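Please read it alongside the sequence and the coordinates.

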Amino acid sequence: MASIISIKNVSKTYKGGFTALKNVNLEIEQGEILALLGPNGAGKTTLISIICGIVTKSSGAILVDGHDSVTEFRKARALIGLVPQELTLSIFETVWDTVSFSRKLYGKPANPQYVETLLKRLMLWDKARNKIVTLSGGMKRRVLIAKALAHEPRILFLDEPTAGVDVELRKEMWNVVRDLRDTGVTIILTTHYIDEAEEMADRVGVINKGQLVLVEEKASLMRKLGQKSLTLQLAKPMKTIPKTLARPGLSLAQDGLSLSYAYGATGEKGVVPQLLYDLAAKKIAFTDLSTEQKSLEDIFIGLVHA
C-alpha cells in the first residue's frame, strides 16, 4: 500500500537542550488507522505538531502525499485535519458557524450540503444551531472532529481524542473513527488508553523517550510478543517436576497444587498437546486448566520499561 506520509530521520531539540524526538523514521499508509502509544512526554504530540507545521523540526524531512512539509507547506497542510487534545472552541458560536468558518480558513468555497452531511455523520445535525457552550464534553469532541474535516482533508490526526470522555462516549467515538476510515480517511491517533489502540488500530507504533521503538501490524505484534500461559490445577500435590516433564517455561507452584507453562504465541505449535500427553503418560491428573495471553498493555509496558 502507498505511503501518504513519509517521515525520514526527524529530530527535535529545543533551545534548552531537551531532545523530544531522535531520528524518527515512519511510513504511514493511505487508508490505515495508526495508533501511536507512549507515556506522557514520550514525543507523540511533538511528532504530530511537526507534521502539521505547528512545531519546527530540528532535522529530517517529511513528505505529505509527496509534498514537502516545509517548502510546500500549504499543499501539505491542506491535506491534513488536526483534532488537538484541548477543547479549543469559541463557546458562544453555533456548531454550524464553527464548522463553516473552519472550511473558509482553508479557502474552500461555501458548501452547506457538505457541512450538513458532515454534521449528520458525526451525529451533530440536531445540534447544528446550538451554541458550543450548551454541548456535552463528548459532543464538543465531535465538533472538533467536524472542524478538522471541514476542508475535506485526506488525513486526520487525533491527539488523545477521548481524554476525559466517559467509557460510553469513548466507544461512540471509536465508531466515528472507524466510519471515517471506511470513507478513505487516513487516521493517526495518539493515546495512552491501550484498549483504544487494541480496539481500533490497524498498526501500532510505540514511542518512548523520543524514539520510535517499533511499528507493527497489531495482529502481528500480538502474535510475536503476546506470550501465552497455561495453568493446570493438579489433582494431587507434587513436590518437584519430574525430569521427563521438565522444559523451559514450566514451573510448579510453591504449594505444589498447580503447574504453570509459559510459551510463545508463534513457532511452537503442538507444545500444549505434547505437555498434556506427557502428563498423561506419567499418570499426573489435573482437575482444571486455564489459559491467558498477554494483552497489548502488557506488551507496551514491557517495551517502554525494557
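The protein has 10 helices and 14 strands, where helices (H or I, at least four residues) and strands (E, at least two) are DSSP runs numbered from the N terminus. This is a predicted model, in which local features need pLDDT of at least 70 and side-chain atom pairs count only at pLDDT 80 or more, while totals for chains, interfaces and linings use all residues. Residues are numbered from 1 along each chain as its sequence is written, and side-chain values use heavy atoms, with hydrogens and water left out.

Of the 306 residues of the protein, 45% count as buried; buried means under 20% relative accessible area, exposed means over 50%, and partly exposed lies in between, with a 1.4 Å probe and protein chains only. The protein exposes about 15700 Å², of which carbon and sulfur atoms supply 51%, the areas coming from the Shrake-Rupley method with a 1.4 Å probe and, for residues, with only the protein chains shown counting as cover. Among contacts between residues at least 6 apart in sequence, 70% join residues at least 24 apart, a contact being heavy atoms within 4.5 Å.

**Helix packing**

Axes are lines fitted to C-alpha atoms, for helices over the stretch in contact, and angles run from 0 to 180 degrees between N-to-C directions.

| Helix pair | Axes come within | Crossing angle |
|---|---|---|
| H3 (residues 95–105) and H4 (residues 112–121) | 11 Å | roughly 120° |
| H3 and H5 | 7 Å | roughly 30° |
| H5 and H6 (residues 167–182) | 10 Å | roughly 15° |

Angles under 35 degrees count as roughly parallel, over 145 as roughly antiparallel, 65 to 115 as roughly perpendicular and the rest as oblique. H3 and H4 are therefore oblique to each other, and their crossing is right-handed; a crossing is left-handed if the near helix is turned anticlockwise from the far one by less than a right angle, and right-handed if clockwise. On the H3 side the contact is made by Val 95, Trp 96, Val 99, Ser 100 and Arg 103, and on the H4 side by Pro 112, Tyr 114, Val 115, Glu 116, Leu 118 and Leu 119. By class, this contact of H3 with H4 has 8 nonpolar, 1 polar and 2 charged residues, where Ala, Val, Leu, Ile, Met, Phe, Trp, Tyr, Cys and Pro count as nonpolar, Asp, Glu, Lys and Arg as charged, and the others, Gly among them, as polar.

H3 and H5, by their angle, are therefore roughly parallel to each other, and H3 passes H5 in a right-handed crossing. Here Val 95, Thr 98, Val 99 and Ser 102 in H3 meet Val 143, Ala 146 and Lys 147 in H5, and the residues of this contact divide into 4 nonpolar, 2 polar and 1 charged.

The buried residues of H3 are Val 95, Trp 96, Thr 98, Val 99, Ser 100, Ser 102 and Arg 103, and they pack against H4 and helix H5 (137–149). In H4, Tyr 114, Val 115, Glu 116, Leu 118 and Leu 119 are buried, and their cover includes H3 and H5.

H5 and H6 are likewise described as roughly parallel to each other, with a right-handed crossing. In this pair Gly 138, Arg 141, Arg 142, Ile 145 and Leu 149 of H5 meet Leu 169, Glu 172, Met 173, Val 176 and Leu 180 of H6, and the contact divides into 6 nonpolar, 1 polar and 3 charged residues.

**Positive phi values**

Most residues other than glycine have a negative phi. H3 is followed by Gly 107, whose phi is positive, near 75°, and just after H4, Met 123 takes a positive phi of about 55°. Glu 152, which is not a glycine, has a positive phi of about 60°; Glu 152 is placed in the loop between H5 and strand E7 (155–159) and counts as partly exposed at 37% relative accessibility. Asn 23, also other than glycine, has a positive phi near 45° and lies in strand E2.

**Val 24 in strand E2**

Val 24 has its place in strand E2 (residues 19–29) and is buried, with a relative accessible area of 2%. Not counting residues up to four places away in sequence, Val 24 touches Ile 7, Lys 8, Asn 9, Val 10, Leu 47, Gly 210 and Leu 212. The C-alpha atoms of Val 24 and Ser 11, which are 13 residues apart along the chain, are separated by 6.5 Å.
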